[in-house]
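Have the structure open as you read.

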Amino acid sequence: MAKVTIYSTPTCVYCKMAKEFFAKNNIAYEEHDVASDMKAREDMMAKSHQLGVPVIDIDNNIVIGFDQKTIEGLLGLGKAAAPAA
Amino acid sequence: MYDLIIIGGGPGGVAAGVYAARKKMKTALVTDTFGGQSLVSNDIQNWIGTKSISGFDLAKSLEEHLRAQAGIDIIDGDLALAVAKRDDGTFGVTTKNGRTLETKYILLASGSRRKRLGVPGEDQFDGKGVVFCTTCDAPLFGGKTVAVVGGGNSALEGVEDLLMYASKIYLLVRSEVLRGDPVTQEKVKGDPKVEIIWNAVVEEIKGGAFVNGIKYKDVKSGESKDLALDGVFVEIGLLPNSDLVKDLVALDAFGKVVVDHKTQQTSCPGIWAAGDVSDVLYDQNNISVGDSVKAVLNAYDKIKKG
């Protein structure tokens with residue numbers, strides 16, 4: 001199973017959406033609150049070169065923002081939406 | 001062939017979806033996410049019937065209400081990109097995920113998006129100190145020096161969000177007046193952390209791996225000045241999401257879709273618009289809801305008449 005880590009802040013709605021998405025798909029994840037955890041913030045910035053949340057790490061693949069399609073791809077969930085007939 | 005395609009999942013789009021479903025119109029609603037621009041609000045206190053609700057919970061309650069309706073096709077996680085008018089008067093809507101949907105009528109409730117500064121460094125440092133979601137990222141600027149750009153409500157609320165984290169907040173205002181609610185103005189003006197710089201137009205955002213400064217022009221003296229800082233919060237207002245119909249309907253000078261305010265009809269028969277994308281005078285969730293309902297009822301009248 002993929003190792004999933006999310007870097008978040010308590011006020012970030014896209015982080016909440018990502019966590020709900022993981023819960024719905026039974027994906028276990030580790031969460032770091034980068035508002036209060038300085039070490040985690042440094043890790044996040046070093047990994048992603050980003051100062052914005054969410055940053056999601058899926059087996060060392062860094063996803064910036066709640067990019068559902070990319071996350072689904074990395075986790076092998078679902079299929080890309082097929083064009084309607 | 002749908003009777004109606006609703007574009008947008010904010011309060012307006014969802015209200016339209018509920019009404020259209022209850023009228024048994026064959027309807028699809030296309031949206032990337034629910035909740036509209038309020039999604040990122042921490043606390044909404046003027047959504048009628050609810051004393052206080054977060055944008056996230058508002059979005060969930062809207063989605064839940066829509067999904068409780070029978071017979072409406074909800075196409076979420078996708079985005080309407082273009083609308084084409086066909087010779088027989090019907091429309092084709094194409095989406096980001098490659099769908100093409102056919103419909104008799106369209107309600108555009110696509111809202112608006114944040115305006116960007118359009119200066120060097122803004123794209124380069126997006127997510128590296130340039131922030132477009134203040135509520136999301138303000139907590140990352142604890143003990144830092146930041147600038148908020150703008151003079152309206154969203155800029156003032158941005159400053160408010162930052163007060164508990166940043167050590168110094170410059171508010172860069174293009175003119176010599178603040179717009180926005182007097183209560184918030186007073187709070188912002190009265191805080192010793194906040195320094196308002198008037199007549200300031202941002203020219204460049206600078207940095208290395210992350211933002212480390214900003215260059216602005218004092219438009220009164222004509223002088224360019226530098227500020228050393230760690231974050232730039234861009235809160236300069238909104239642009240209507242009207243691009244997808246710009247060749248079909250009349251727009252005003254701000255790019256908003258011109259509507260008949262009695263019916264929400266646009267200049268193109270078969271297309272209605274409501275909410276922030278329309279030339280409504282006040283951009284408000286509660287108004288978007290009412291205007292969207294108006295549009296659906298008007299479209300329903302047309303269908304009944306054939």
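In chain B, helix α1 meets helix α6 through Pro11(B), Gly12(B), Gly13(B), Ala15(B), Ala16(B), Tyr19(B) and Ala20(B) on the α1(B) side, with Asn285(B), Ser288(B), Val289(B), Asp291(B), Ser292(B), Val293(B), Ala295(B), Val296(B) and Leu297(B) on the α6(B) side. Two residues are in contact if their C-beta atoms, placed from the backbone, lie within 7 Å. Bear in mind that this is a predicted model, where local features need pLDDT of at least 70, side-chain atom pairs count only at pLDDT 80 or more, and totals for chains, interfaces and linings use all residues. Residues are numbered from 1 along each chain as its sequence is written, while chains are lettered from A and ligands numbered from 1 in the order in which they are written.

**α1(B) and α6(B)**
- The axes of α1(B) and α6(B) (residues 285–305) are 7 Å apart, at an angle of about 35°; axes are lines fitted to C-alpha atoms, for helices over the stretch in contact, and angles run from 0 to 180 degrees between N-to-C directions.
- Helices (H or I, at least four residues) and strands (E, at least two) are DSSP runs, numbered from the N terminus.
- The crossing of α1(B) and α6(B) is right-handed; that means the near helix is turned clockwise from the far one by less than a right angle, and left-handed means anticlockwise.
- By class, this α1(B)–α6(B) contact has ten nonpolar, five polar and one charged residue. Here Ala, Val, Leu, Ile, Met, Phe, Trp, Tyr, Cys and Pro count as nonpolar, Asp, Glu, Lys and Arg as charged, and the others, Gly among them, as polar.

**α1(B) and α2(B)**
- Helix α1(B) (residues 11–22) and helix α2(B) (residues 55–67) have axes that come within 9 Å and cross at roughly 20°.
- That angle makes α1(B) roughly parallel to α2(B); the label goes to angles under 35 degrees, with over 145 roughly antiparallel, 65 to 115 roughly perpendicular and the rest oblique.
- The α1(B)–α2(B) crossing is left-handed.
- Pro11(B), Val14(B), Gly17(B) and Val18(B) of α1(B) touch Leu62(B), His65(B) and Leu66(B) of α2(B), giving five nonpolar, two polar and no charged residues.

**α4(B) and α5(B)**
- Helix α4(B) (residues 153–163) and helix α5(B) (residues 182–189) cross at roughly 45°, and their axes come within 10 Å.
- So α4(B) is oblique to α5(B), and the crossing is left-handed.

**Domains of chain B**
- Domain 1 covers 2–113 + 238–305 and domain 2 covers 130–234; such bounds come from an automatic or database domain assignment.
- Taken over C-alpha atoms, the centres of domain 1 and domain 2 of chain B are separated by 33 Å.

**Where the chains meet**
- The contact takes 19 residues from chain A and 23 residues from chain B.
- On the chain A side, helix α1 (residues 13–24) of chain A gives the most, with three residues.
- The chain A side divides into eleven nonpolar, six polar and two charged residues.

- The model scores ipTM 0.81 and pTM 0.84.
- Chain B averages a pLDDT of 96 and chain A averages 90; pLDDT is the predictor's confidence in each residue, from 0 to 100.
- Over residues 80–85 of chain A, pLDDT stays under 50. Where pLDDT is low, the predicted coordinates should not be read in detail.
- Val53(A) to Pro54(A) is a cis peptide bond, with omega near -5°.
- Lys24(B) is not a glycine, yet has a positive phi of about 55°.
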